[in-house]
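Subject: Handover of a structure and notes on its salt bridges

Dear colleague,

Please find below the structure that I am handing over to you. My notes on it follow directly after.

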Amino acid sequence: MRAYVDFSFTLLNREHFSANETFSGKQVKFSYDSPAQGNRRYIPVQDLYTRNFADRNGEFQLELNIGSIRTLFEVDIRMPNPTYLNSYKTPTARSNPHPKLETTFFNFGGFDWNIAVYPNGRDVTEERLLVFLNRLTGFDHQCRVRYMMVLGEGERRIDSGLLDDISDTDGKSYGWAPRIRLADLIHRVRVRTLSTLCLQKLFSKDSEKI
């Protein structure tokens, strides 16, 4: 899981704003291997005093602005065997004609989520590829969520575009039904939660953002 963020740090000068010191980054990546980003040469400690950033107590003001946050969850799904995607065609597999593939969970917005892929739909009325975003925690309310899904990569890549969905009190969503067979894609499933992703608690009258 990775996050990409625009940020800026501004060290406020006590005499005049024109003497402020700022450094910024655009779409800087944060990940398990790179959990912190910054500037080790921002300003010498002694300059905090000589250039009037710090007061007599050694205190100073630092402003942080964050925007354009994107979160990317990427996972590979391994098929049990080459005939798995077409198992509903074999007589021995009719007891499970609509298999489900699920990813590991990831955390976003204070909730745990995962992705479920139905290569042949959930039942006989849905003989098509279906992909769902599932909320695994926080079932005391509904959530409105905006996100984008990506299946495959390279020339076989397909994305859902921005989806505006509702996660109900069971954590289920309306999902996405791409017009393609999973067998035509590479076995990689990517799910992007964009900077425009919005999670809201849904009540009978009002909505409270979280």
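A salt bridge is counted here where a side-chain nitrogen of Lys or Arg lies within 4 Å of a carboxyl oxygen of Asp or Glu. Under that rule, the structure has 4 salt bridges. Please bear in mind that this is a predicted model.

**Arg51 and Glu21**

Arg51 is paired with Glu21 in a salt bridge, and their closest N and O atoms are 2.5 Å apart. Glu21 belongs to strand S2 (residues 21-30), while Arg51 sits in the loop between helix H1 (47-50) and strand S3 (62-76), so the pair ties together parts that are 30 residues apart in sequence. Both ends of this bridge can be described by their accessibility. Arg51 has a relative accessible area of 32% and is partly exposed. Glu21 is also classed as partly exposed, at 24% relative accessibility.

**Two further pairs**

Lys100 and Glu102 form another salt bridge through their side chains, with an N to O distance of 3.7 Å. Lys100 is partly exposed at 39% relative accessibility, and Glu102 is partly exposed with a relative accessible area of 45%.

A salt bridge likewise joins the side chains of Arg157 and Asp159, at 3.5 Å from N to O. The relative accessibility of Arg157 is 34%, which counts as partly exposed. For Asp159 the value is 35%, and this residue too counts as partly exposed.

Gln27 is not a glycine, yet its phi is positive, at about 50°. Gln27 lies in strand S2, the strand that also holds Glu21. With 28% relative accessibility, Gln27 is counted as partly exposed.

Asn52, another residue other than glycine, has a positive phi near 65°. Asn52 is located in the loop between H1 and S3, where Arg51 is also found. The relative accessible area of Asn52 is 28%, and the residue is partly exposed.

With kind regards

Conventions:
Residues are numbered from 1 along each chain as its sequence is written. This is a predicted model: local features need pLDDT of at least 70, side-chain atom pairs count only at pLDDT 80 or more; totals for chains, interfaces and linings use all residues. Side-chain values use heavy atoms; hydrogens and water are left out. Helices (H or I, at least four residues) and strands (E, at least two) are DSSP runs, numbered from the N terminus. Buried means under 20% relative accessible area, exposed over 50%, partly exposed in between (1.4 Å probe, protein chains only).
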